[in-house]
Amino acid sequence: MAAAASARTSAGLLLHRPAAGAPGTDGPEVLLGHMGGPFWARKPHAWTVPKGEPLPGEDPHATALREFAEEVGVPAPDGTDVDLGEVRQRAGKVVRVWARAGDLDLDAPRGPVSEVTVDWPPRSGRTVTFPELDELRWVPVAEARDLVVVAQAELLDRLVAHLATG
């Protein structure tokens with residue numbers, strides 16, 4: 001499905017690995033980020049695939065890889081990417097995501113991450129800067145469905161379907 005010309009777009013990379021939990025744990029784990037800042041601090045569905053908006057003329061897949069590195073603090077581990085397609089979020093943003101099998105030690109040192117500066121409280125004239133993603137976590141897909149931005153749950157279902165077909 002193609003995005004409308006006026007829709008904002010983002011591209012992201014969904015890193016996944018076999019479940020690291022107890023024996024018999026079903027399904028993969030996915031790497032999700034909690035959206036940073038006071039607006040998202042107590043909201044449900046505040047977790048997301050690391051993603052961001054393309055630079056002018058930038059290929060969406062290149063955007064996904066760049067944004068992963070910027071938001072996570074390290075480049076994605078080497079691997080082959082599978083295009084999971086697009087979803088449209090409630091506010092109209094179109095998000096295209098690729099999936100890649102790989103692992104990442106969240107306790108290992110990482111570089112600086114991208115930040116965003118906003119007026120907070122809104123219309124106060126005061127600005128606050130915070131990381132775009134303030135926490136990263138490996139999450140079983142079944143649990144991730146209840147954490148991610150609602151439209152992104154479809155991307156998790158597409159990942160599971162892809163993994164089931166080999």
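Q: Among contacts between residues at least 6 apart in sequence, what share joins residues at least 24 apart?
A: That share is 62% in this protein. Contact here means heavy atoms within 4.5 Å.

Q: Before I go on, what am I looking at?
A: This is a predicted model, where local features need pLDDT of at least 70, side-chain atom pairs count only at pLDDT 80 or more, and totals for chains, interfaces and linings use all residues. Residues are numbered from 1 along each chain as its sequence is written, and side-chain values use heavy atoms, with hydrogens and water left out.

Q: What's the mean pLDDT?
A: The mean is 91, and 93% of the residues reach 70 or more. pLDDT is the predictor's confidence in each residue, from 0 to 100. Over residues 1-5, though, the pLDDT is below 50, and that stretch has seven contacts in the model beyond near neighbours in sequence. Where pLDDT is low, the predicted coordinates should not be read in detail.

Q: OK, how many helices and strands are there?
A: Three helices and nine strands. The pattern along the sequence is β-β-β-β-α-β-β-β-β-β-α-α. These are DSSP runs numbered from the N terminus: helices are H or I with at least four residues, strands are E with at least two.

Q: And how much of the protein is buried?
A: Of its 166 residues, 42% count as buried. Buried means under 20% relative accessible area, exposed over 50%, and partly exposed in between (1.4 Å probe, protein chains only).

Q: Switching to α3, which of its residues are buried?
A: Ala-153, Leu-155, Leu-156 and Leu-159. Looking down the axis of α3, they fall within an arc of 155°, so they line one face of the helix. The arc is that of the directions from the helix axis to the C-beta atoms.

Q: What covers them?
A: The cover for those buried residues includes β1 (9-18), β2 (28-35), β5 (81-88), β6 (94-101) and α2 (141-144).

Q: What comes just after α3?
A: Gly-166 is there, with a positive phi of about 85°.

Q: Now Thr-63: where does that sit?
A: Thr-63 is in helix α1, which covers residues 60-72. Thr-63 has 0% relative accessibility, so it counts as buried.

Q: Which residues does Thr-63 touch, leaving aside neighbours within four places in sequence?
A: With those set aside, Thr-63 is in contact with Ala-11, Gly-52, Glu-53, Pro-54, Leu-55 and Glu-58.
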